[in-house]
Amino acid sequence: MSVPTHTPRTVGVPGIGTLTILDTVLPHGRVRFKVTGPHIKGTFIVAPEAKRGGTVLPTTVQVQYGDGLEPQTYYTPRPDEPVVYRVGVHGHTAGLDPDTIPTRYFLGPYAVASGRTFLTERLPDGTRRRTEAVVRCLLEMWRGRDDVAELKLAAAVARADEHARYEEQQADQLEAEIQKVTAQRVSARRTVNQLTGILRRRAGAVLPADPTPVKVPFFDRHGHQMGILAVRETPAPAGTRPGSVVYNVQGARVAGSFTVERYRYNNTPWPEGINITYGIPTSRYGHEARDEPTINTIRLSGGWSSSGDTGRITLTTPERLPARIRLSPTTGCSAPVATERRASGVLRALALRYLARPDAEALHLAAAKDRAPALLTATRQQLKELREQQQKLTRKAAEHRKRAAQYRELLAPLRTLPDIQSDPSVTIAKQEARGGAGRADVGRRRRSSPRMLNARGRDSIGPRAALGDQRRSTPAVRPARVNPAVSQMQIIFPDGSRLPGREPARSSRARCPAVRDTDAQLRTCAAGHPEGDFRGADGSSAEAAYLQLHKTAADQEQPGPKERHMSTAILQPTDEVVISTVRTPDLTRPHRVLPIGQQHIDDQAPMGRCTVCDAIGEWNALVDLAPSAYGCPGRPPYGA
């Protein structure tokens, strides 16, 4: 439902002339401007942009050319589209900041000229310049409105549910990714611990090379024996990696050396699998080797690497293993099938012999120790990156959850608190029925809505409080708080309702007789008037009569040196309250303090309560405020 239209206004625009503008407020914070002027006539709608992923409260606006609701088919003209120099302007212009209105060339690609054939084309230069001048004028008028805050809030509320679901979806996706990163961190941390343990382990005893030849049979993939090999161990030359064993093989059309070791090119703490090189590597990376074997008079190069489970290696499996002929230091070609079949049998037999060595565990540990330092450094770097990634994802997820809560807050119904002065019977009684209001922390700032990021990215209070929500029909007043030190009596309100008090907290210090007599007198009066209006002798209320009797009893008590200053402050009230002493004018807000006795049974100092903000604390802390203290949030600064 739109707001009634205002009186048309005439605005002078340089270079155009006088424009007649009629503005109307539409739902969702949209404002319709009907513009009539020289060579221009039509409707413009300015709407705050509640964009997904943007600020909770819009900071930019969109100008729509023509009447109607959004969205609209791109090639379908809107009702009453602006006509500038007999050219219809179709589309919209988005992302305009009313605080920094551009000067020219800001209409964008979606502001086009519409024709009769529903085709669009570029705006002529004259039409574009006049349209830009009108849009600048409308943005200045929109920025100067008194209800800009309400318009932004209405636009945010209109899409709050959609944006809240989007933010929650983004947070769910990020939290699922956080779980994956957390699992990766756990795995990386376990790897670091294993590598550290490997480095700390004592190296095992590796047997020296045995030059005695040993006869080893080898078989093809069908299990047929292909011959007997004479295998002997040779000392590993300098530069050979720890955990490696060099075998010299002769017989059955095979001659040359083979180097057998664990597979080292995985990221597990313990190197698994097997790696066999044709010849003795002369470089750490195995590109070149010497004493390469010849099988069927063909010299082979390269080798076989298996990162899988070594338990699957038998005399017949894997069936086919690599056998290549070297063509250059880094290239080669496949060997004939017969040579490959014989080379596969030799590789399987040597792998089984290496795994069956009595010092296989020592060789395995030596290979693990050799690569552990480099792997430990890489894993720690990975762990650092994962930790930073998890922190970044956590911050993003928390920000999405926070924004979702802010959008949900916009959709929450308004809660109007009753006025304690107009209806006192519903304040104390209802608060106590819900369990009491509790004690307010002195000096703690209260917030009525979740914190949020404002348009500049800074932290501020919720959107309703930031805009000063003017939709509340009743002023929000803090409910009265019931102090547990109130005497056992009934407070009778003018409408006849009663509020029973509580038994006062007993202090460890013996109370003076005058005070005890005062409480007895109050209880007697309350018992004698169970249904009447209990008031003081001068017609004051029950609470005022209670304070007056206590002050009279305090006058009869002789205070000690330690309590003389406190009693002096209590016995000099102004209209039954004491105004705080302010040491920093124009900053500190003085409390209006009312004495309420002792808050706890072990407290020796008297307590006080501010009648404005309901702050409860020690009397001296409330009456004598510290330098640069904030004070009462419900009152202006002293001297302002």
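**Exercise 1. Determine how many aromatic pairs the model holds, and describe the pair formed by Y263 and Y265.**

Solution. Begin with the rule: rings of Phe, Tyr and Trp (its six-membered ring) pair if their centres lie within 6.5 Å. By this rule, the count is three aromatic pairs. Next, consider Y263 and Y265, whose ring centres are 5.5 Å apart. Their planes make an angle of 75°. Planes under 30 degrees apart count as stacked, over 60 as edge-to-face and the rest as tilted, so the pair of Y263 and Y265 is edge-to-face.

The model is predicted: local features need pLDDT of at least 70, side-chain atom pairs count only at pLDDT 80 or more, and totals for chains, interfaces and linings use all residues. Residues are numbered from 1 along each chain as its sequence is written, and side-chain values use heavy atoms, leaving out hydrogens and water.

**Exercise 2. Classify Y263, Y265 and P595 as buried, partly exposed or exposed.**

Solution. Buried means under 20% relative accessible area, exposed over 50%, and partly exposed in between (1.4 Å probe, protein chains only). Y263 has 16% and is therefore buried. Y265 has 47%, so Y265 is partly exposed. P595 has 22%, so P595 is partly exposed. For the protein chain of 640 residues, 40% count as buried.

**Exercise 3. Locate P595 among the strands of the protein chain.**

Solution. Helices (H or I, at least four residues) and strands (E, at least two) are DSSP runs, numbered from the N terminus. The protein chain has eleven helices and 29 strands. P595 belongs to strand β27, which covers residues 592-597. Finally, the C-alpha atom of P595 is 9.5 Å from that of E618, 23 residues apart along the chain.
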